[in-house]
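Trainee: Please take a close look at the charged side chains, and go through them in one connected account.

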Amino acid sequence: MPETISDHPPMAARPSAPRQRLRYTRILESAAAFARKGLDSVELAEVAAKADVPLGTLYRYFPSPTHLMLALYRHQLDELQAGARTGPARFRGRALPGLVMEIFHMRVMQPAVEQCLSRGVYLPDRDTTALLREIDALAEKVVGAAATDAVAARVLLLTVTGLVQSVRNRRLSLFEAEEDLKKGLRPPLSGRRSRVHTVPKCVTGLDQ
């Protein structure tokens, strides 16, 4: 079920001042431990205590657990993108399977993040809509840099979504999903062009 529109105020922009940016990053790093819970179990007061920041500060940046978990995933994608900028060669060719597998495992191992992504609704004038679209674009950019093909990147990310949902719904084991993902990653490595010709069995029946 899509989440209902809340009365929470919009999320503040990421800070630019160095000291505030460090605090913002500390909150996200602390939130990673809570992403292993279900979304309904994420307590912002506990995250604030772990990050050693006032609860009011955390609420200013992240007025709900959904905002926090989506921002955490964006932060993790940002770190992958930073790796691509500092060492682009290792994100091409043979590095593509490892990168996509890392994104897959990030989502499988973070139920709260995955619930935010699967429940996310794109609605006008809603700040989570902008956040979801930024995440979509960033994920395609990260994978596209390795695949050197925007279409292949999009298909791979759809494949990851289908596999994660299949694991969550117990239609596939984690091992089976990993094997399907490896099969889907082989074609871009064997030819000159980075195209995905094989779509794993779960992708044709994505769960809503």
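Mentor: Helices are DSSP runs of H or I with at least four residues, and strands are E runs of at least two, both numbered from the N terminus. The model is predicted, so local features need pLDDT of at least 70 and side-chain atom pairs count only at pLDDT 80 or more, while totals for chains, interfaces and linings use all residues. Residues are numbered from 1 along each chain as its sequence is written, and side-chain values use heavy atoms, with hydrogens and water left out.

Start with the surface. A patch of positive charge there is formed by Arg19, Arg23, Arg26 and Arg60. Helix H1 (residues 18–34) supplies its largest share, three residues. Patch members have over 30% relative accessible area and no salt bridge; like charges are joined within 9 Å, and nonpolar side chains (Val, Leu, Ile, Met, Phe, Trp, Tyr) within 5 Å. Lys and Arg count as positive, Asp and Glu as negative, while His and the chain ends are not counted. Each charge is placed at NZ of Lys, CZ of Arg, CG of Asp or CD of Glu. Areas come from the Shrake-Rupley method with a 1.4 Å probe, and for residues only the protein chains shown count as cover.

Next come the paired charges. A salt bridge puts a side-chain nitrogen of Lys or Arg within 4 Å of a carboxyl oxygen of Asp or Glu, and by this rule there are seven. In one of them, the closest N and O atoms of Asp78 and Arg14 are 2.8 Å apart. Because Asp78 is in helix H4 and Arg14 in the segment before H1, this pair ties together parts 64 residues apart in sequence. Asp78 is partly exposed at 25% relative accessible area, as is Arg14 at 40%; buried means under 20%, exposed over 50%, and partly exposed in between.

Arg154 and Glu140 form another salt bridge, at 3.4 Å between the closest N and O atoms. This pair links distant parts of the chain, Arg154 in helix H8 (residues 150–168) and Glu140 in helix H7 (residues 127–147), 14 residues apart.

Within helix H9 (residues 174–190), Lys182 and Glu179 are three residues apart, about one turn of the helix. Their side chains meet in a salt bridge of 3.4 Å, N to O. Lys182 is partly exposed, with a relative accessible area of 38%, and Glu179 is partly exposed at 24%. Elsewhere, salt bridges with shared partners join Arg14, Arg74, Asp78 and Glu134 into one network.

Key. Buried < 20%, exposed > 50% of the residue type's maximum accessible area, 1.4 Å probe, protein only.
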